[in-house]
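Good morning, colleagues. May I ask you to look at the model on the screen before I take you through its helices and contacts.

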Amino acid sequence: MNGRIALGVGAGVGLAILYAFLLAPLVVVVLASLSGGEVLAFPPQGFSLKWFARFFGHESFRNALWLSLQVAVVSTVVVSVIATMAALFQRGLSQRLAGPFRTLLLMPLLMPEILTAIGLLFFLYQIGLGNTYFGLQIGHVVITLPFAYLSIASALDQVDPALEEASASLGAGYGRTAFKVMLPLIKPGIITGGLFTFIVSFDMFAMSFLLKMVGGNTLPLALFDYLKYDFDPTAAAAATVSILFALGVVALVEKLVGLRRAF
Amino acid sequence: MTPSPARRWRLAILGAPALFLLVVFFVLPYGEIVMMSFRTASSSAPYGDGLTLANYARMFADGHYLGILGETVLVGTSITAICLLISFPIALHLSSVGDRWHTLFYACVVSPLLVGVLVRNFGWMIILSFNGPINQILLALGLIERPVRLLFTVEVVVLALVHVFIPFMVLPITTALRNIPPSLYEASRSLGAGRFSTFWRVTLPLSFPGVQSGVILVFVLAISAYVTPVLLGGQFVVLMPTVIVQQLIAAFAWPFGAVLAMILTLSTLSCVLVFAFATRGLVRRAAIGRQP
């Protein structure tokens, strides 16, 4: 019996270490950003919010945050619409065509982001859209589309076809059925997909790095540039801001749909 | 039942935006990588007008790039192996934990995924820096006399990438474990098997489909990781993605960069295919075992 308890305790300690390992870098970043000292150190010396003030006072960080938010919001809106349409499209396809269509839609997720970025770098340059906002935005839309699609398509899979038939037999046209029956039913999937799109776009690095528009950094790029020359808590504040966005999204998903249904 | 023309039109309109987007901004760009690898170099533009095989010849003639490719595959393999070792216990725990705590532990695993790779790497930079906690602990224990340089080594790059990819390994394995019917555990126990023997002969073999997808996913991601080796490896860790980006951004030698990208992709693909082929028996066995 003692052996079993020891085994249980051992396993518990091991798991605690693994979970600590998972969360350690995030906790360290957040604590370091709250430091009252002048250098980036852990454990932090004292408490202050001055590094956040410095972050928001830093013009290139502010512009980068603004551009990141803009790209992420546009991606979210565009991708949610396209992915919802694509999911409804797939539902209407025959089995034989639905499989390949699904694979095509998931390809940007299956291929390494950096490779897709390289292809887009070449392609956008050739059609005269190299280093433009449009190119950057397209890159973000392509990468995030599968995330939204996965979540919306799985919500759609749960919808009983009988509901569609009932709506049709009661005289509703296709559009009315789609907007009054289907959309409300798959709303949780659309919300989850949209929020994921936002956060994936907000954090995207490789794609933004290669398709960087002239004079426009996104927040991860600005942080990367900053880290090359400076190593102070302003960087930690920048990182904490993006962690806060991620937490905000998780909280929203939990509140609106519930985390368990989301994954 | 043949669909009416109106219905067909409706479907086409629904599918058109996604198809257009992916064909134009995904399929064509990939084609362009292939094309670019055959273009001539140019000193005034990223690439010239003609077509040539010289870029491939240059790559194979120069052992330097093949060496970096080998190193990249090696690092990718170690990351995948370590990731699997760490992720399996987490997946085992996650698949067995009760409903009440499930959300909390799930959030622990998934939340790093929602924070950018850059931020997670930055956390390791702080932890491993000269005046970071690891150096302080080692100093306090008297193991070292002055802070040592921990950053900018291949080991740190491996550590940080393992950390980044754990969720990608945990999630498919958890799904596979959750799909094992509880009746199999009961059967195993009632046939007199102990916990370890049940683990070896039921849990492990039946989780293999999840392990296989996790391994493939992490390997592909590890081979193509760019930001972590640059940030945590500095100039001391040179892997393929770094070299490719250097060719594209700094040297402006797009055709040669495209050749390196092609070689990296083809090598990754062959590794994945060999792995999938070698383990197909294990996946089939799991599928048979799962049948009622």
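I begin with helices α3(A) and α10(A), which are roughly antiparallel to each other, a term for angles over 145 degrees, where under 35 is roughly parallel, 65 to 115 roughly perpendicular and the rest oblique. Helix α3 (residues 59-92) of chain A and helix α10 (residues 219-229) of chain A pack at an angle of about 150 degrees, and their axes lie 7 Å apart. Axes here are lines fitted to C-alpha atoms, for helices over the stretch in contact, and angles run from 0 to 180 degrees between N-to-C directions. From α3(A), the residues S60(A), F61(A), A64(A), L65(A) and S68(A) meet L219(A), L221(A) and A222(A) of α10(A); two residues are in contact if their C-beta atoms, placed from the backbone, lie within 7 Å. By class, this contact of α3(A) with α10(A) has six nonpolar, two polar and no charged residues. Ala, Val, Leu, Ile, Met, Phe, Trp, Tyr, Cys and Pro count as nonpolar, Asp, Glu, Lys and Arg as charged, and the others, Gly among them, as polar.

A word on the source. This is a predicted model, in which local features need pLDDT of at least 70 and side-chain atom pairs count only at pLDDT 80 or more, while totals for chains, interfaces and linings use all residues. Residues are numbered from 1 along each chain as its sequence is written, and chains are lettered from A and ligands numbered from 1 in the order in which they are written.

Let me turn to chain A as a whole. Its secondary structure comes to twelve helices and zero strands; helices (H or I, at least four residues) and strands (E, at least two) are DSSP runs, numbered from the N terminus. The mean pLDDT of chain A, the predictor's confidence in each residue from 0 to 100, is 87, and 97% of the residues reach 70 or more. Of the 263 residues of chain A, 43% count as buried, that is, with 20 or more other C-beta atoms within 10 Å of their own, against 12 or fewer for exposed and partly exposed in between, the C-beta atoms being placed from the backbone.

Why does A239(A) count as buried? The reason is that A239(A) has 32 C-beta neighbours inside 10 Å. This residue sits in helix α11 (residues 233-256) of chain A. Not counting residues up to four places away in sequence, A239(A) touches V29(A), S33(A) and L223(A), and also V119(B) and F122(B).

That brings us to the contact of the two chains, which takes 58 residues from chain A and 57 residues from chain B. Helix α1 (residues 5-36) of chain B gives the most to the side of chain B that touches chain A, with 16 residues. That side has 42 nonpolar, twelve polar and three charged residues.

Finally, consider helix α12 (residues 240-250) of chain B, where the buried residues include M240(B), P241(B) and L248(B). The buried residues of α12(B) pack against α5 of chain A, together with α3 (63-96) and α13 (254-278) of chain B. Helices α3(B) and α13(B) themselves pack at an angle of about 40 degrees, with axes 11 Å apart, and are therefore oblique to each other.
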